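This briefing covers one protein model, grouped by topic. Look at the structure below, then read on.

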Amino acid sequence: MSQVQKNLLTWSLTIIAAWLTAKSLSYFGGLISLLLTAGLIAFLLNYPVTALKSILPQRALAAAVVYLVSLILVSILLVTLIPPVIEQARQLIINFPSFVGLAQQRLTNLQSWSEEHNLPIDVQLLTAQFSGRFQFLAESTARTSVNLLLGTFDRFIDFILILVISFYMLIDGQKLWLWLTSIFSPLIQTELTAALKRNLHQFLTGQLLLGTFMAITLTLAFWVLRVPFFLLFAVFIGVMELIPFIGATLGIGIVVIIVLFIDPWLALKVLVTSVIVQQIKDNLITPKLMGNLTGLSPIFIFISLLIGAEVAGLLGVVLAIPLTGVIKSLAEVIGDPVLPPQTGSFFQNPLKKPDLRPKILTNQKEYDNDLS
């Protein structure tokens, strides 16, 4: 086969294998989401634990202190931010039927105006379809609220499990990771660990900072514009920013549509303001925080987003980009003909007791010396 045919076959098999893996993992989506959430919490808290370990001799004590301080800070945030957001959401749900009625009245006035000026505008059909869709949306929202209420106990149990698992991961996470990766050769194990740390740290901290920037900036902007439910809308867009590439755009679109029912002119102001803030974020802040995280084309990024959504839902979408960066880093190592994976040294004997000493292998010579 020619080189083009080999590359085409290789990528085809890779995509098929990835799809089959995603379908297999989707059966354990709930468990995977729980473990990934606990792992992310432990990963983020590991940095302050490592810094505090120089003061406190025992890692378990440092982890307990960091965990306690984190819970206090999160509790303060929930007490100060969540109640007004929930109150504004409640007011929005209560007043939304009146907003819909106001929008229907505007459409009726538009119909009357068009008839007076002999313009070919017919909004009666649009009004009927809109009323039907709104009734369906209201019923769907009610069912979702009931299901969410009934599932509150399960969510609470999952939350407790996540806290407990993440705490033990924070204590023994390094040993667990070395055990999980012990089947790989030292070079692959080192590269996998470094790529995972690099991509997760850069991506998660970047997305959290970008979401915080969008939430704070839009809160002030919407307050100046006198947008109703300004805090709810700004926090919603900030949370949607956690979804890579399309999250903020989707959040802005939803907010603009809701404000459109209240005041079309105000919706235009919200749209322009949000787009300006988004452009500042994308062109000035994101390159400094995120850089070229994966170096992949957009088509591969969207494929990874779809696979992540299929495996672990929203959490999978959030983690799709950094994990794609890890896979890319490993592919570069595997694709290098002078490195061990091409000579059959991708895995090592799992029955052999792994060497838990940290290894930094930078080239083939060091790898050969290590084997000898």
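Phe 229 is buried, because its relative accessible area is 13% (buried means under 20%, exposed over 50% and partly exposed in between, with a 1.4 Å probe and protein chains only). The model is predicted: local features need pLDDT of at least 70 and side-chain atom pairs count only at pLDDT 80 or more, while totals for chains, interfaces and linings use all residues. Residues are numbered from 1 along each chain as its sequence is written, and side-chain values use heavy atoms, with hydrogens and water left out.

**Overall make-up**
- The protein has eleven helices and zero strands (DSSP runs numbered from the N terminus: H or I of at least four residues for helices, E of at least two for strands).
- Of its 372 residues, 33% count as buried.

**The loop between α6 and α7**
- Most residues other than glycine have a negative phi.
- Phe 229 sits in the loop between α6 and α7 and has a positive phi near 60°.
- Arg 226 lies in the loop between α6 and α7, and its phi is also positive, at about 60°.
- Arg 226 counts as exposed, because its relative accessibility is 72%.

**Helix α7**
- Eight of the eleven residues of α7 are buried, so this helix is largely enclosed by the rest of the structure.
- Among the buried residues of α7 are Leu 231, Phe 233, Ile 237 and Met 240.

**The second largest pocket**
- A pocket is an open set of points on a 1 Å grid over the protein atoms alone, with protein on both sides within 12 Å along at least five of seven lines; lining residues have an atom within 4 Å of a point.
- The second largest pocket holds about 2200 Å³ of space (the volume filled by probe spheres set on the points, which are joined across faces, edges and corners).
- Of its 42 lining residues, Thr 37, Val 74, Leu 208, Val 239 and Leu 242 are the closest to its centre.
- α3 gives the largest share of this lining, ten residues.
- The lining of this pocket has 30 nonpolar, ten polar and two charged residues (Ala, Val, Leu, Ile, Met, Phe, Trp, Tyr, Cys and Pro count as nonpolar, Asp, Glu, Lys and Arg as charged, and the others, Gly among them, as polar).

**Helix α9**
- Val 275 lies in helix α9, residues 264-289.
- Val 275 is partly exposed, because its relative accessible area is 34%.

Notes
On a 1 Å grid over the protein atoms alone, a cavity is a set of points where a 1.4 Å probe fits but cannot get out, and a pocket is an open set with protein on both sides within 12 Å along at least five of seven lines; lining residues have an atom within 4 Å of a point.
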